[in-house]
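Look at the sequence and model first, then read the points.

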Amino acid sequence: MPGASPLLTWWAQRPPAAGAAVMATGILSIGLHLTGYETLSRIALVLACAAWLALAGDFVARLVRERERWLAEAGTPAALTAVAATTVLGARFSALGWQGVAEALLALAAVLWPGLLVLVVRHWGPRMPGAVFLGCVATQGLAVLAAALAVAVGSAWLSHAALVLFWLGLVFYAAGLWHFDPRQVAHGAGDHWVAGGALAISALAGSKLVTAGQAGLSLSGHGGPFLWSEGDNSVLRTVTVALLVLDLAWYCVLAVAELRWPRPRYDVRRWASVFPMGMTAVATLSVSAAVEVPWLRGPGQVLLWIAVAAWLAVAAQAVHSARAGRSG
């Protein structure tokens, strides 16, 4: 792009993985809300919304004007950040009480999800990077938002849709694990953290479903008008806790790998490291409340501030990259 400014050059080269920046910022907004830092939470929400609008506009522009490029990018795992980012913002708006906006974002994500998922899965191969787990993340994002809305608006079908999506998301995690190249733990550019982040958002979805079950019991006194049985709720609690434990184990492995094999150079996929960090914090906080284990709240808060520090570091690198006109 001769004569273009470095910023415009950087934007034109922006890959689909940039959607992880919205995911990272949005999940920090949720975490800050859960820990009582409402002003910081809303600042993060504004930033996430601005980035989402810019990326959504570019998504449509490329679809209309650069169809071949759009199709090529839509077949990459990072394309599913469009779905995941939309559901994260929807969950935050639902927590604000803006259920109409959350419902609109859920509808949009649900429309995007099957088409992008099919395109992405068709291009799966052996030895994939961590972005292969975005199939799980996008599906569990829908489960999280649907479960949150089910409680907020008292919807029977949404609660059951969320439950189906939760189990389907675990299937996609298993499939992603089969295709994942474990060498990415040592040499990945940042999205290898999604191997743990996918478990974190699965644990978050489970906690939302457990909370939905508890809300149903309190409303009717005999299992809820639209929720599952006591036995099913017990299974959900067990699976949710197990997912959180596995996620925390992945977190430790990935953190040690970062110390053993440092990767200081900026890459846009580093936003896909920040998102799992923030998601692990939010999942820990949410599971703590859902299964009534209050001592988990302290570790969740520590993990949140680690994620905030990582966000600031990656954001500083991103600004430098944009000023230099590099896509990362």
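Threonine 86 is buried, with a relative accessible area of 1%; buried means under 20%, exposed over 50% and partly exposed in between, with a 1.4 Å probe and protein chains only. This is a predicted model: local features need pLDDT of at least 70, side-chain atom pairs count only at pLDDT 80 or more, and totals for chains, interfaces and linings use all residues. Residues are numbered from 1 along each chain as its sequence is written, and side-chain values use heavy atoms, leaving out hydrogens and water.

**Threonine 86**
- Threonine 86 sits in helix H5 (residues 81–96); helices are DSSP runs of H or I, at least four residues, numbered from the N terminus.
- Its side chain reaches the backbone oxygen of alanine 82 at 2.7 Å.
- Leaving aside residues up to four places away in sequence, threonine 86 touches Trp52, Leu105, Leu108 and Ala109 (contact: heavy atoms within 4.5 Å).

**Tryptophan 52**
- Tryptophan 52 belongs to helix H3 (residues 38–65).
- Tryptophan 52 is buried too, at a relative accessible area of 18%.
- The side chains of tryptophan 52 and threonine 86 make a polar contact at 3.0 Å; such a contact is a pair of N or O atoms within 3.5 Å, and within protein one must be able to donate a hydrogen and the other to accept it, while residues adjacent in sequence count only if both atoms are side-chain atoms.
- Residues touched by tryptophan 52 include Val22, Ala85 and Leu89.

**Confidence**
- The protein averages a pLDDT of 89 (the predictor's confidence in each residue, from 0 to 100).
- Of the residues, 90% score at least 70.

Notes. Helix = DSSP H or I, 4+ residues; strand = E, 2+ residues; numbered from the N terminus.
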